[in-house]
Structures are given as C-alpha cells and as structure tokens.
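Hi there,

Here is the structure I promised to pass on to you. Have a look at it first, and then read on for what turned up.

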Amino acid sequence: MDRDKYIPRIVDDKIEKYLNTFGAVCVEGPKWCGKTWTSAYHSSSEIYIGDPAGNFQNRNLAEMSPDIVLDGERPRLIDEWQEVPSLWDAVRHRVDQTGIRGQFIMTGSATPNHKGILHSGTGRIARVRMSPMSLWESGDSCGRISLEELCNGKITPSMTGEVYIEKLISLIIRGGWPGSLDLAPEQSSLLPAEYLKAVLEDDVYRLDGIKRDIHKMELLLRSLARNESTTASVKTLIRDINTEDGEDIDNNTVATYLDVFRRLFLIENQPPFAANIRSSVRVKQAEKHHFVDPSLTCALLKATPSGLIGDLETLGFLFEALCERDLRIYAESFNGKLYHYQDYRNREVDAVIELENGSWCAFEIKLGANQIDSAAENLLSLQREISDEAGSIPPSVLCVICGLSSAAYQRADGVFVVPITALKN
C-alpha cells in the first residue's frame, strides 16, 4: 500500500497498543469501513483469504493447511479470516507456541458461528471494533473540542465556523465510508444502497450457509430504518411491517434476523444506562435502534436532500444517529461507553457516556440552535432530580450537541454547547 495516502483512523492507537500486548489482534466491523486498509498499514506482510485469484487459491490453501498461510513477516495480515474459521485456532495455536506479541492482524466483516472454532482465543487474540469514519476522521469536523476533555469538564470556548443544514444532510446521506469521501453527493448515496444489496444477496448466506427469506429481511431492515434512533420493541417492528408493508412476520423470525444483522455488523444498538442510578425509579431496558452508519438508514428510506429538508422530524432522528455514531467512536478511544437513558417517569437523555472511573456525562442532541435552551433545561432537571435520590450518582457533565451552531462554549448554568462539526476524540 502507499502509506503516504493513508488517512489516519482513531482506532490506530488501539491497534498499536494491542499489538504490543497480545499475540494477535482481530479488527472487525462492517464491510467497506476501512478495516483492510488500516490493518495493512500496521502490517508487514499479508494474505487475502477472499482473493479470487487462482480460483480462490488462498482460501483453498487455508482450508487444506491453515498453518501454512501464517508464515510471513510480522505482523502478518490475514484478511477476512472468517472465510476459513479454522484459521482462528491456527493463529491461537501459533501464538501459544511462540509467545511472541504482535504476530498477526486478522480482519473480519462477519462473526461466524462457532463451527470449526475450538478455542475462544482469550488472552491471545484481542478484538478491536472498527466503524465507518467519524466526521473528525473524514475531515468534516474542525476538531477544536476533545470529547475526552469535555467529559472531564474542560473546554476552550471558540468559534467553530458556520454550519448549514444542506451540509449536514449531505454528511448524513454520504455516511462515513472511506470510498465515498471524494464523490459528489448524488454519487455517494449509491454506495450505501449497493452495500445493503450485497449484504442481502451474498453475505447473509455466506455467514453460515443457511438460506433465509431475503424479502422478509429487507422488510425488517426498512422497519428498523423507520424506527431509527427509537427504542421500538420487536412487537412494534412486527406491527410496523404489517401496517406499512402488508406482510406478516413472527417474533422468532425477527429475533433470528436481528441476530444476523448484528453478526454482519449492520446494526449498532445503543444500550440503556442504569449503572449509577440506584433508586426506586425503574429504568427502561430497551436498546435504541441504530444502523452502523446513518447512510444505511437513508438508503432504506430512499431519503433525498430535498425530502429531508421537508421532513425535519426524520432529519432529527438521522442527525441523532450521526452524532451517536461519532460519540461512540470517540468515547471508545478513551475506554468510555455509550448508552442512552430512559425511565418510567418519562425522563430521557439522548446519550450517556460512562467513564472508566464510574462517572458519567449526559448529552442531549439537537439539530437547531433554537432547541438549545429546552435541551439544557432537560439536562439540568435530570441532574437535580437524580441528585435528590439517595444512593444515586448524578451526571458530572451536561452537554448539548448541536448541528446548526457556530460556537463551542459553556453556558452560565454550567451546560456545555458543542457543534458536532467541532468534536473529536
């Protein structure tokens, strides 16, 4: 690869850290998010299991004798290892034999079933999750505000540049796919649609060799898109499919298909937060639905720039998905975890980041600057109420992530305001 053309990724530091700690690193995530490019940047030799050259010679060789394909200069990249699941045990065994750190980088765009895998690889193979590009990585955020510093209550007030709604819409529709960065808006919207088509027509079957009803899988994907950034239950998804598409689908089928989507890294749900809320208040346990990138939602909804400008409610959900994609990527770089909060008193917070020390930060996400005041009051109200509940730890930082704002600052009431286009890890 031409290293001079490599676009740095936030996950680079974690890969290097893990290579210095473990015998092998498995970089996994959705197709086309840059796993192979990034892994090749950190490797000294490689073998591509999915290469069709020589009638899939590499895959055939790996199937016949997995140990042979491991030989090469270290770190050695084994791309799309899940095509030959026995490679996992071969890597684990080689690491056990030599005890050398940083021997292999494995990439995978699907989580195979355990057939052909005898050992978990615990202690030998470390997993690193990779996502599509955040706005900071794609060059669409000025990066003046560090999320890590913000979560520790530090911010340098600054003007961050004017942001227009048309630009935000184009970023949502384009998504964080490295292959789309230099494409015109009308072209970049084609990639997510082709991505979904390829997954349904090819990857679903290759995952485990089971034939599934692709039509019903597509209906479920559309329902998930219509319920993006919500906590819709399985029953709600089934009812939505019946109402919108006139089709019947049962609970077991939906549960099975959702598991397939997770294993293919299509969806990245946001779990509920309750770790530091120790009171009589019951916290809802539903996950918030997200695709791994909001561009996939746009493709399923056939969203266009003009259509989204005329449908601000849908745009608001998509903007929330964009922000939470980036918050997750940034938070993971300093071992933070992304959640959402929702309880049975109808108190909600769009995003929660829990830090390693147990403290947590609450974020409201709003597209327009005219919504900042109400969002800030919601955060302050939640903080006051939780502070009054015995045994509960209130959020240490309150912040409104905004779309159409040109400055990052702290309000007189203590709430931070940060444009998503000014944020980095």
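Predicted model: local features only at pLDDT ≥ 70, side-chain atom pairs only at ≥ 80, totals over all residues.

Helix 9 (residues 214-226) and helix 12 (residues 294-301) have axes that come within 9 Å and cross at roughly 115 degrees. The two helices are therefore roughly perpendicular to each other, since angles from 65 to 115 degrees count as such. As for handedness, helix 9 passes helix 12 in a left-handed crossing.

If you want to pick out the residues that touch, select Leu221, Arg222, Ala225 and Arg226 on the helix 9 side. Their partners in helix 12 are Thr297, Leu300 and Leu301. By type, the residues of this contact divide into 4 nonpolar, 1 polar and 2 charged.

Moving along from helix 12, you reach Lys302, in the loop between helix 12 and helix 13 (305-309). The phi of Lys302 is near 55 degrees, a positive value in a residue other than glycine. Is Lys302 buried or exposed? Its relative accessible area is 66%, and exposed means over 50%, so Lys302 is exposed.

Trp32 also has a positive phi, near 70 degrees, and is likewise not a glycine. You will find Trp32 in the loop between strand 1 (24-28) and helix 2 (35-42). With a relative accessibility of 40%, Trp32 counts as partly exposed, because that class lies between the 20% and 50% cut-offs.

There is a backbone feature to look at in another loop, too. Arg74 and Pro75 are joined by a cis peptide bond, with omega at about -5 degrees. Pro75 sits in the loop between helix 3 (53-64) and strand 3 (76-79). Why point out these spots? Most residues other than glycine have a negative phi, and most peptide bonds are trans.

Now for the chain as a whole. It contains 15 helices and 14 strands. The C-alpha trace spans about 65 × 50 × 50 Å along its principal axes. Buried residues make up 52% of the 425 residues. Looking at contacts with a separation of 6 or more, 73% of them come from residues 24 or more positions apart.

That is what I have for now. Happy exploring!

Best wishes

Note on methods
Residues numbered from 1 in each chain as written. Heavy atoms only, no water. Axes fitted to C-alpha atoms, helices over the stretch in contact; angles between N-to-C directions. Helix = DSSP H or I, 4+ residues; strand = E, 2+ residues; numbered from the N terminus. Parallel < 35°, antiparallel > 145°, perpendicular 65-115°, else oblique. Left-handed = near helix turned anticlockwise from the far one by under 90°. Contact = heavy atoms within 4.5 Å. Nonpolar A, V, L, I, M, F, W, Y, C, P; charged D, E, K, R; others polar. Buried < 20%, exposed > 50% of the residue type's maximum accessible area, 1.4 Å probe, protein only.
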